[in-house]
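These are my notebook entries on a structure that I had not examined before. I set down what I looked up, entry by entry.

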Amino acid sequence: MPKKLILVLGDQLTPNVSSLAASDPARDVVLMVEVVEEATYVRHHKKKIALIFSAMRHFAEELRAAGWTVDYRTIADTGKTGSFTSEVARAIKKHKPSSVIVTEPGEYRVRDMFERWKTMLTVPVEILRDTRFICAIPEFADWARDRKQLRMEYFYRDMRRKTGLLMDGDKPEGGKWNFDAENRKPAKTDLFMPRPHRVKPDATTEAVLADVQSRFAKHFGDLEPFWFAVTRKDAEKARDHFITEALPRFGDFQDAMLEGERFLYHSVLSIYINLGLLDPLDVCRRAEVAYRKGRVPLNAAEGFIRQIIGWREYVRGIYWLRMPGYIDENHFMHTRSVPDFYWTGDTDMACLKAAITQTKEEAYAHHIQRLMLTGNFALLAGVSPQALHEWYLIVYADAYEWVELPNTLGMSQFADGGLLASKPYVASGAYINRMSNHCKGCRYDVKQRTGPDACPFNALYWDFLARNRGKLEANPRMVQMYRTYDRFSDADQADIRDSAQATLATLTSSGDWP
Ligand code: FAD
Ligand code: DLZ
Ligand code: SF4
């Protein structure tokens with residue numbers, strides 16, 4: 001058989017990826033490329049670029065040790081104009097393969113590029129299914145067909161049945177599919193709070209850090225300290241550390257936020273799962289084993305597994321079902337740019353300051369910070385979902401469009417009009433006060449609704465409901481909120497409007513990361 005060229009992308013870092021599984025190390029050549037086009041189509045956080053480049057370089061070594069021939073091109077090799085297309089064209093000239101094989105990419109933009117290669121390149125291009133996902137793209141489309149509502153909960157139950165995870169015969173373990181009602185406790189400061197597994201940079205990572213600092217210095221975020229795992233072995237250590245130390249309390253405190261505690265009981269594994277260093281189903285099976293051995297309660301194991309085989313698979317299904325049009329949806333017609341303080345953390349709002357500062361320093365925030373702090377505020381303030389989508393794609397180390405876009409545009413901003421969420425995730429300061437201790441140290445008073453010292457979330461929340469009455473009033477889950485609003489006097493409603501306007505007037509938006 002003639003030689004094939006296997007293109008392995010930066011988020012396909014597993015020997016089990018379908019393109020490698022379909023190839024022969026003794027015959028074929030693997031191509032991996034660090035390219036400026038991928039690093040700058042949005043200006044990714046410096047730490048994210050370093051994570052991906054270092055993990056790619058380590059994976060190339062892993063493949064070489066397993067007998068593969070790897071043509072690896074660093075950012076220095078591919079220079080200022082490198083792209084997947086330019087590098088594949090060069091590699092075809094060099095290796096003269098009979099075909100190019102690639103596993104389907106996560107993003108529509110890249111899939112579109114690969115489809116164009118079929119007529120552009122001098123050899124055939126084969127795009128294989130990404131078998132790391134439990135639900136194939138056509139399988140999700142079949143599930144969605146003829147359904148009026150695409151609720152995650154029903155999809156999740158099918159994934160439980162399909163994988164056999166936490167099943168007791170054909171019934172869910174413990175008699176219920178979902179134990180979320182037990183998972184809404186506020187957290188307390190705890191000296192023994194687990195911390196994510198940290199890895200000291202090796203020589204390869206140090207070289208990447210120098211490359212990123214010299215080439216992407218103007219990108220958002222702090223490059224150092226850099227402690228992410230960049231090899232499969234270290235990612236596995238991070239996984240095992242999480243399952244032993246944090247998973248037992250993951251469920252209880254899943255929705256909690258705590259000043260000074262950036263990770264709480266979250267896994268910080270999305271970065272490794274999305275890159276390919278960890279297999280999502282394997283992580284879930286290990287969480288189930290911990291439950292079966294009595295080390296982890298059912299609400300924690302179920303909650304964690306649901307995030308992965310439920311939410312993660314579901315948002316990917318929605319992405320491919322609805323792209324390319326999905327990215328332009330804007331139910332509330334919001335147009336504001338992302339406020340400048342989203343890039344600096346320079347705000348008196350203690351909760352947002354904490355979430356944004358840690359985003360800048362760690363390229364990480366946990367789900368409730370993304371949804372109920374930065375997402376909530378942006379929605380209340382009327383930020384354009386497209387601008388916000390770009391912000392989330394830039395700032396988080398785990399962000400790839402297939403997972404980030406539905407979470408931002410659908411779940412967080414309700415910009416798809418309720419395809420993904422049954423009501424907008426909006427909340428006033430009372431919710432944040434219930435689920436966190438941020439308000440205690442805040443310059444604003446969470447109990448005041450209006451006025452210069454009132455928590456800005458409060459007036460913005462009621463004003464958002466008033467502004468969007470026509471689009472939300474009929475939603476049965478919003479009826480109670482409108483009843484409450486309607487009980488406010490005319491004067492109070494006018495105060496709400498004025499206070500919200502005053503907050504919005506303070507938001508400067510220069511439109512981009514300076
Ligand atoms: P944990 O809380 O420990 O959860 C366990 C795992 O479940 C995660 O590692 C992740 O793989 C999966 N998971 C949990 N929630 C979701 C979800 N809603 N969608 C998909 N997978 C989920 N997740 C990303 O992986 N990339 C993104 O770019 C991304 N952008 C987001 C943007 C917004 C506005 C919101 C509200 C959520 C976003 N999420 C994204 C989902 C979620 O916030 C992250 O997966 C999670 O915070 C990652 O941290 P963790 O590994 O500690 O997660
Ligand atoms: C995100 C990213 C970045 C920053 N750089 C690279 C790169 O240089 N080379 C590469 O192969 N992949 C990179 N990636 C990940 C790709 O953007 C990702 O594979 C596509 O968006 C498809 O999901
Ligand atoms: Fe955030 Fe408002 Fe609480 Fe301040 S008072 S921390 S702005 S919710």
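I began with the cysteines and looked up C439, which has 17% relative accessibility and therefore counts as buried. The term buried means under 20% relative accessible area, exposed means over 50%, and partly exposed lies in between, with a 1.4 Å probe and protein chains only. C135 counts as buried because its relative accessibility is 3%.

I note that this is a predicted model, in which local features need pLDDT of at least 70, side-chain atom pairs count only at pLDDT 80 or more, and totals for chains, interfaces and linings use all residues. Residues are numbered from 1 along each chain as its sequence is written, chains are lettered from A and ligands numbered from 1 in the order in which they are written, and side-chain values use heavy atoms, with hydrogens and water left out.

I next searched the whole structure for disulfides (pairs of cysteine sulfur atoms within 2.5 Å) and found zero.

I then turned to ligand 1. A residue is near a molecule if one of its heavy atoms lies within 4 Å of it. Of the 27 residues around ligand 1, I recorded H266, S267, V268, Y364 and H367 as those that come nearest. The shell divides into 13 nonpolar, 10 polar and four charged residues; here Ala, Val, Leu, Ile, Met, Phe, Trp, Tyr, Cys and Pro count as nonpolar, Asp, Glu, Lys and Arg as charged, and the others, Gly among them, as polar.

A polar side-chain atom of H266 lies 2.7 Å from an oxygen atom of ligand 1, and a polar backbone atom of S270 is 3.0 Å from an oxygen atom of the ligand. For Q307, a polar side-chain atom lies 3.5 Å from a nitrogen atom of ligand 1. Taken alone, ligand 1 exposes 810 Å², of which the protein buries 99%; these areas come from the Shrake-Rupley method with a 1.4 Å probe.

Which element gives the largest share of the shell around ligand 1? It is α19, with six residues. Helices are DSSP runs (H or I, at least four residues), numbered from the N terminus.

Just after α19, F414 takes a positive phi of about 55 degrees.

Notes: Helices (H or I, at least four residues) and strands (E, at least two) are DSSP runs, numbered from the N terminus. A polar contact is a pair of N or O atoms within 3.5 Å; within protein, one must be able to donate a hydrogen and the other to accept it, and residues adjacent in sequence count only if both atoms are side-chain atoms.
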